[in-house]
Amino acid sequence: MLSISPRIAHTLMLPAMLALAACSQAQTPTGKDAAAAAAATASSSAAAKKGDLPAVLKGIEKHGFEVVSEFDAPGGLRGFAGMVGGQQPAAAYVTADGKHVLVGSLFDAEGNEVAAETLEKLVAAPMSAKMWSKLETSAWVRDGKADAPRVVYTFSDANCPYCHKFWEAARPWVDAGKVQLRHIMVGVIREDSPAKAAAIMAARDPSAALLENEHQFDRGGIKPLPSISREIAAKLDANQVLMVEMGFQGTPGILFQDAQGQVQRRAGLPQGNDLQAVLGPR
């Protein structure tokens with residue numbers, strides 16, 4: 001994978017436990033203290049029913065946690081479905097006193113993750129649908145049959161050798177009509193990368209121009225345009241912004257839908273059996 005920054009391409013991982021809470025000891029209240037505690041609990045419950053967010057959640061916003069919706073949680077906790085970094089679904093649990101919050105996985109006695117289905121319904125599915133919609137409306141170039149049952153998006157640079165290797169590796173699926181690759185062209189590797197991307201995107205037949213670049217890749221690829229129109233430049237800029245938004249810092253950045261319809265990512269050239277995970281059965 002060729003990168004546009006010195007850092008290795010970003011790989012999404014499950015959020016670490018953002019243990020922003022500290023353990024504290026509490027004594028069982030008696031007499032007036034018990035009455036006061038009960039009143040405080042009732043007041044807290046009333047506030048919770050109003051749907052207002054606990055102030056403690058503000059503390060995890062700086063860690064990239066964004067609340068999507070509240071859900072029922074066990075043990076007196078308040079559960080909040082959200083996402084970290086705009087991409088990774090996660091659950092936050094606020095303690096009964098409203099002063100502490102944990103982000104991560106909560107399991108029941110059988111070892112089942114309490115919020116798994118909730119995160120799927122409230123966060124993962126809508127997020128995947130939104131991502132796929134953005135990909136569909138981007139400036140992409142088709143490679144393969146228009147009616148292919150499987151669509152795979154890839155952020156591609158005309159000078160990227162790993163993009164070219166992915167194009168070669170995908171030929172059995174594409175030529176058989178099983179997969180349509182949609183190349184979202186960017187120009188990030190070399191000085192003439194934007195002009196080569198423009199030559200493909202501005203061609204009378206962009207799909208044919210893409211194939212020309214791939215077939216002649218070892219001989220320098222497609223001839224770059226001497227100038228790039230404002231329209232094409234705007235599309236290239238939008239594609240690069242989208243690439244970063246989708247979590248990639250270089251090419252190829254590959255996205256596809258799994259069997260459950262959720263968007264999956266691969267940064268760089270898929271290796272071994274992972275190629276079949278991306279492209280499906282041969």
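1. A residue is called buried when its relative accessible area is under 20%, exposed when that area is over 50%, and partly exposed in between (1.4 Å probe, protein chains only). At 24% relative accessibility, Asp 274 therefore counts as partly exposed. Its salt-bridge partner is Arg 266, the closest N and O atoms being 2.8 Å apart; a salt bridge is a side-chain nitrogen of Lys or Arg within 4 Å of a carboxyl oxygen of Asp or Glu. Arg 266 is likewise partly exposed, with a relative accessible area of 22%.

2. The model is predicted, so that local features need pLDDT of at least 70 and side-chain atom pairs count only at pLDDT 80 or more, while totals for chains, interfaces and linings use all residues. Residues are numbered from 1 along each chain as its sequence is written, and side-chain values use heavy atoms, with hydrogens and water left out.

3. The whole structure contains six salt bridges. One of them joins the side chains of Arg 171 and Asp 143, at 2.5 Å from N to O. This pair links distant parts of the chain, 28 residues apart: Arg 171 belongs to helix α5 (residues 171–175) and Asp 143 to strand β6 (residues 140–143). Helices (H or I, at least four residues) and strands (E, at least two) are DSSP runs, numbered from the N terminus. Both Arg 171 and Asp 143 are buried.

4. A further salt bridge connects Asp 192 with Lys 196, where the closest N and O atoms are 4.0 Å apart. Asp 192 is partly exposed, at a relative accessible area of 28%, whereas Lys 196 is buried, at 5%.

5. Five strands form an open sheet with mixed pairing, in the order β6-β8-β7-β10-β11. Two strands pair if DSSP finds at least two bridges between them. Strands β6 and β11 (263–267) are the edges, each pairing on one side only. Within the sheet, strand β7 (residues 150–156) and strand β10 (residues 253–257) run antiparallel and are joined by three bridges. Phe 155 stands opposite Gly 253 in β10.

6. Helix α4 (residues 161–169) packs on this sheet and touches β6, β7, β8 (179–185) and β10; contact means heavy atoms within 4.5 Å. The buried residues of α4 are Cys 163, His 164, Phe 166 and Trp 167. Because they cover an arc of only 160 degrees around the axis, they lie on the same side of α4; the arc is that of the directions from the helix axis to the C-beta atoms.

7. Which residues of β3 point one way, and which the other? Arg 78, Phe 80, Gly 82 and Val 84 point one way, Gly 79, Ala 81 and Met 83 point the other way, and all are buried. Because seven of the seven residues of β3 are buried, this strand is largely enclosed by the rest of the structure.

8. Strand β3 (residues 78–84) contains Arg 78, whose relative accessible area is 17%. The side chain of Arg 78 reaches the backbone oxygen of Asp 52 at 3.1 Å.

9. Strand β2 (residues 65–72) runs antiparallel to β3, and seven bridges join the two; Glu 66 has Met 83 in β3 as its bridge partner. Strand β4 (residues 88–94) also pairs with β3 in the antiparallel sense, over seven bridges. The hairpin of β3 and β4 has three residues between the strands, and Gly 85 in the turn has a positive phi of about 65 degrees.

Terms used: Axes are lines fitted to C-alpha atoms, for helices over the stretch in contact, and angles run from 0 to 180 degrees between N-to-C directions. A polar contact is a pair of N or O atoms within 3.5 Å; within protein, one must be able to donate a hydrogen and the other to accept it, and residues adjacent in sequence count only if both atoms are side-chain atoms.
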